[in-house]
Number of protein chains: 2
Amino acid sequence: MNVFIIGLGLIGGSMAIDIKRANPSVRIFGIDTNQEHIQKALTLGFIDEASEMIDLKEAEVVIVSIPVNAALKVVPEVLDIVNDDALVFDVGSTKSLICSEVANHKKRRNFLATHPIAGTEFSGPNAAIEGLYNGKTNIVCEVEKTAFKLQERAMKIFQDLGMRIRYMEPKAHDKHIAYVSHLSHISSFMLGKTVIEKEKNERDIFDMAGSGFESTVRLAKSSPAMWAPIFEHNRENVIETLEEYIGNLLRFKELIEQNDFSSIYDEMANTNRIKEILAGISIKTN
Amino acid sequence: MNVFIIGLGLIGGSMAIDIKRANPSVRIFGIDTNQEHIQKALTLGFIDEASEMIDLKEAEVVIVSIPVNAALKVVPEVLDIVNDDALVFDVGSTKSLICSEVANHKKRRNFLATHPIAGTEFSGPNAAIEGLYNGKTNIVCEVEKTAFKLQERAMKIFQDLGMRIRYMEPKAHDKHIAYVSHLSHISSFMLGKTVIEKEKNERDIFDMAGSGFESTVRLAKSSPAMWAPIFEHNRENVIETLEEYIGNLLRFKELIEQNDFSSIYDEMANTNRIKEILAGISIKTN
């Protein structure tokens, strides 16, 4: 089998590593608009060969792992080029727009829309790691629109990566993911911004910040090139989550202003049950 | 030497463990209003003996590790009881009120106000762990108001715990800590609340949430009994940080509403330099 990976960063690179590990005979071809990333991927050894879009006509599997705005343009181009037996899947964090974009493509049945819930705050080929997907969930949308034998080929790959599959409609995916992923990123970025603006003297942050701040602000290291298009694609849902989040913060602030610390206590006690939910996540991912 | 610890939770218990490790001959006495915590501390072995307030007249060192509202009442009572050579220090996350409360106490020179920047999201005696303070910062306020030989006794303990000392005025402490600690906790609690409210079906959170959400919402597991009094004590500063945080979130939402994703990109790119600040924290704590 050959696998073409378009976009040699954290997500595509980590897939390459584990696909190769599970299937040593697979030949992995890398495509990236950034020549340094191609060289790096060759040096790190997670691709066997640099490649070009025109070569996709030979592809058996094409993984599109680039920012969601770029994927919107590139996926239809890929489908135009590949042959009738190729599997093409994307891994973007929004699913409605890409599914609409390819809805009427004559090779729609060659495409599978997926979102592996996995990643770190780092990016680029150097961020690619072994085992990133192991035990994680992969959300697959509109599976019925993909040819059955290509679904099977995809599932074999996801199984090799150690992923659990969950099927969802693109709209439901985008709505839920706004809460459990997109909002977390914004809350973290804005926390980082608020602290940096106030603490011009970084020495003060450095000395006083502990592991709690570090954990809460970790996602503010994430790539703007990846995240700005995600917020654009999921604009309506993200605005809704932000409105609810800001509303909750305003209410919390009002309770403090009113010296109602008994309600402040209750707000926190009610939210403590996130413990059980997170315990579930840990069981799932460990 | 003997050490009395009032409050046998994460903070006091972890201190007991490492003081004993560094000084096996020290005898550690535990005081807690919760009898189960005393029994647990005896079973875990981080205190040698259960004790009562009246016994504090024999104390050489008293550590007050209870919620800040309780400490405000208990520290003056402790100072009333202890002899003239005893060191009493608190470890609370706010420093202005406790320093004001003891300002005119006739044993003010027996007291040292400290805030070890260390902890986890867990609480109670079971949460006590070895090495919690190693490599962390301890903020010491109004050191000049403590008798010199008692400062020395305290510094020996902090050295045994592996802590770096930083001296600050109580007001400056409370202002900065609101940004790098108190705000993180509120952002995390409200993120947890927003997601729980929306996702009544926890199965959806469980399946779709990844390590990013887990990290950002981790602090929402923290103890309300500890945190409600902190917000009460640091009310003015916390309100100010919340206003700035909410302002930044509102601006981010407006940029999305205006489809100004180039500014959204810039906001995130500017905040990415939190990477270097966090790298500093990691170097410090590892």
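Between chain A and chain B, about 9,300 Å² of area is buried, and carbon and sulfur atoms give 66% of that. Buried area here is the accessible area, with a 1.4 Å probe, that two parts lose on being put together, summed over both. Before I go on, the source: this is a predicted model, where local features need pLDDT of at least 70 and side-chain atom pairs count only at pLDDT 80 or more, while totals for chains, interfaces and linings use all residues. Residues are numbered from 1 along each chain as its sequence is written, chains are lettered from A and ligands numbered from 1 in the order in which they are written, and side-chain values use heavy atoms, with hydrogens and water left out.

Back to the chain interface. There, 92 residues of chain A are in contact with 92 residues of chain B, contact meaning heavy atoms within 4.5 Å. The rule finds eight salt bridges between chain A and chain B; a salt bridge is a side-chain nitrogen of Lys or Arg within 4 Å of a carboxyl oxygen of Asp or Glu. Glu243(A) and Lys253(B) form a salt bridge, with 3.2 Å between the closest N and O atoms. The interface of chain A and chain B also has 31 residue pairs in polar contact, both residues at pLDDT 80 or more. A polar contact is a pair of N or O atoms within 3.5 Å; within protein, one must be able to donate a hydrogen and the other to accept it, and residues adjacent in sequence count only if both atoms are side-chain atoms.

Helices (H or I, at least four residues) and strands (E, at least two) are DSSP runs, numbered from the N terminus. By class, the side of chain A that touches chain B has 44 nonpolar, 22 polar and 26 charged residues. Ala, Val, Leu, Ile, Met, Phe, Trp, Tyr, Cys and Pro count as nonpolar, Asp, Glu, Lys and Arg as charged, and the others, Gly among them, as polar.

Next, the domains inside chain A. The assignment gives domain 1 as 2–168 and domain 2 as 173–285; such bounds come from an automatic or database domain assignment. The centres of domain 1 and domain 2 of chain A, taken over C-alpha atoms, are 30 Å apart. Their contact takes 22 residues from domain 1 of chain A and 17 residues from domain 2 of chain A. The area buried between these two domains of chain A is about 1,600 Å², with 64% from carbon and sulfur atoms. On the domain 1 side, Ser93(A), Thr94(A) and Glu121(A) lose the most area to domain 2 of chain A, together 34% of what that side buries.

Glu121(A) also meets Arg218(A) in a side-chain salt bridge, 2.6 Å from N to O. Across the interface of domain 1 and domain 2 of chain A, the rule finds two salt bridges and seven residue pairs in polar contact, both at pLDDT 80 or more.

Now the sheet. Chain A has an open sheet of eight strands in the order S3-S2-S1-S4-S5-S6-S7-S8, with mixed pairing; two strands pair if DSSP finds at least two bridges between them. Strand S3 (49–50) and S8 of chain A stand at the edges with a single partner strand each, so one side of each has no neighbour in the sheet. Strands S1 (residues 2–6) and S2 (residues 27–31) of chain A pair in the parallel sense over five bridges, and Phe4(A) stands opposite Phe29(A) in S2(A).

Asp85(A) lies in the loop between H3 and strand S5 (87–90) of chain A and Lys149(A) in helix H5 (residues 148–161) of chain A, so the pair ties together parts 64 residues apart in sequence.
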